Amino acid sequence: MTDLVRLEGAANKTELAASRKRARQTGIPYEAALRATLETSAGALGLPHLLAERAALRAAEAARALARRAARDAALALRRARHEGAPTAWRAWFDGSAKPNPGRCGIGARLLGPDGELVELSQPAGWGNSSEAEYRALILVLETALAQGAGPLTVYGDSRVVVDDVNGSVEDSALVLRPLRARAHALLAQLPAVTLRWVPRHKNLEADALSQRARASLAEEPDDSTTY
């Protein structure tokens, strides 16, 4: 490594700009101007101390960046593992909708057992946005799986928001969804080996139809907000 490269690596943007200005104004070589600038920044401790200190800071930052990248890679590998692989004997699908968004929610879900047992669920789910409706559908199917004594279970949903929220960390969860996330995790803790996977909408049509059926039933009910 040349002296110039070492000095430039130690300097910050302000010091680099000041050094270029100094070289232009005095006519001295840029490297000499940079050295003088860094010596001024070093003060009584001297340039060698400044260079060693900043090299240590760069090494520490590089180590932190490497650790962050490793953590992201590990999280991605875990997410892929959750989304891939052979399905379990028990399988479930969920979907929720809110129209308008936010509005009155309908949720639907299907639970399929290893011997062909099938539970279909379709019901209104209060007021909220589409992500809240999706979460309530997930909670409903998990409650049903628990009641049915389901073994290892694969759950499919077409909401990336909900699937990523459940599989991600609580720190990354939207505040409005955290109570629903907590309920879902409490149920997951009571079920053996649950895998939650995202699927495109066209692979979740039956659960979608059940949620839409619940929405249709809401449309037939009188609007409580009507005044006379």
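**Exercise 1. Decide whether Tyr156 is buried or exposed.**

Solution. Tyr156 has a relative accessibility of 11%. Buried means under 20% relative accessible area, exposed over 50%, and partly exposed in between, using a 1.4 Å probe and protein chains only. So Tyr156 counts as buried.

A quick note on what you're looking at: this is a predicted model, where local features need pLDDT of at least 70 and side-chain atom pairs count only at pLDDT 80 or more, while totals for chains, interfaces and linings use all residues. Residues are numbered from 1 along each chain as its sequence is written, and side-chain values use heavy atoms, leaving out hydrogens and water.

**Exercise 2. Work out how the rings of Trp93 and Tyr156 are arranged.**

Solution. Start with the general idea: you describe a pair of aromatic rings by the distance of the centres and the angle of the planes. Rings of Phe, Tyr and Trp (its six-membered ring) pair if their centres lie within 6.5 Å; planes under 30 degrees apart count as stacked, over 60 as edge-to-face, and the rest as tilted. Here the centres are 5.6 Å apart and the planes are at 20°, so the pair is stacked. The structure holds one aromatic pair.

**Exercise 3. Find which charged end sits over the ring of Trp93.**

Solution. The test is NZ of Lys or CZ of Arg within 6 Å of the ring centre and within 35 degrees of the ring normal. Trp93 itself is buried, at 14% relative accessible area.
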